[in-house]
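This report describes the fold, the surface and selected local features of one protein. The sequence and structure are shown first.

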Amino acid sequence: MSQSVTLALHGSEALDAPAGKRAAKRATRRVLPGFNLTLGYTVFYLSLIVLIPLSALVIKTFSLTWPQFVEAVTAPRVLASYRLTFGASLIAALINVVFGLLVAWVLVRYSFPGKKIVDALVDLPFALPTAVAGISLTALLAGNGWIGQYLEPHGIQLAFNPNGVVIALIFIGLPFVVRTVQPVLEDAEKELEEAAMCLGATRWQTFTKVILPSIGPALLTGFAMAFARAIGEYGSVIFIAGNMPMVSEITPLIIIGKLEQYDYAGATAVASVMLGISFILLLVINGLQTWQRKRSGASS
């Protein structure tokens, strides 16, 4: 009797096994095609849009000999453009981290008349053509502009010098920080802040010990995006910078100038240096983000 029961049980399991496999197979189905097909499309698309153009850039640079490459990328005018481009981009990104966090905080934590309008204005640099932004900033900040005419008599010049470059980069980089930090603040648990304050923590302690660790990776991401965007900015800068060699000339303008002179190898050489430096900086920032996430996970 027991043997028959055992055989019946094994038989039922054997019958149920194919059904279980079919159910598991149905459960693992995805809306998109299989992994191999989607991976192939992904690699093909990235190669077409990113890898092939960058490879062409590097291959064109290899047409130069090493002395020619060094001469092209270390000319005094080019070095001055490096200092302005990367220095102004760094300053603008750091300023955007501070004020972008403040804007995101106000939009998330407070309700006020016209909030939706302010929220929409944050995205204006995304939609506004960069040339229009440069012309608008110049009309405001030039010596005869709406604001500049009151500042220039006091010796404050915000246009046609490096100050104008920083201002233009702040304008185009602010949305990256705000839109990166805003959803993280929306998902943050206010109960943790209330608990910290109930335990006697000051506002600064609550910010540094509770809020900042949770939004730190988002802040670094916003900084990286704003910094990377500022490095390659051209349209909004050339109108307000003045484009004076050794003073207010950015590296993208150097590249455009070399292209207009049909010095394609020299243009790609300078572009390769910018690409390499930008890639290294982004690797460093991504490493900081990973470290911050591990640190936050360990502390929690």
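## Surface, fold and largest pocket

The model is a predicted one. Of its 300 residues, 33% count as buried.

The protein contains 14 helices and zero strands. Among contacts between residues at least 6 apart in sequence, 75% join residues at least 24 apart.

Helix α3, which spans residues 66-73, has Phe69, Ala72 and Val73 as buried residues. These three lie on the same side of α3 because they cover an arc of only 85 degrees around the axis. The face turned away from that buried side carries Pro67 and Glu71, both exposed.

The largest pocket holds about 370 Å³ of space. Two or more residues of its lining come from each of α4 (76-109), α10 (190-198) and α11 (203-231). Helix α11 gives the most to this lining, with seven residues. In total, 15 residues line the pocket, and those nearest its centre are Trp105, Arg203, Trp204, Phe207 and Ile211. The table gives the lining by residue class.

| Class of lining residue | Number in the largest pocket |
|---|---|
| Nonpolar | twelve residues |
| Polar | one residue |

Conventions: Residues are numbered from 1 along each chain as its sequence is written. This is a predicted model: local features need pLDDT of at least 70, side-chain atom pairs count only at pLDDT 80 or more; totals for chains, interfaces and linings use all residues. Side-chain values use heavy atoms; hydrogens and water are left out. Buried means under 20% relative accessible area, exposed over 50%, partly exposed in between (1.4 Å probe, protein chains only). Helices (H or I, at least four residues) and strands (E, at least two) are DSSP runs, numbered from the N terminus. The arc is that of the directions from the helix axis to the C-beta atoms. Contact means heavy atoms within 4.5 Å. On a 1 Å grid over the protein atoms alone, a cavity is a set of points where a 1.4 Å probe fits but cannot get out, and a pocket is an open set with protein on both sides within 12 Å along at least five of seven lines; lining residues have an atom within 4 Å of a point. Grid points are joined across faces, edges and corners, and a volume is the space filled by probe spheres set on the points. Ala, Val, Leu, Ile, Met, Phe, Trp, Tyr, Cys and Pro count as nonpolar, Asp, Glu, Lys and Arg as charged, and the others, Gly among them, as polar.
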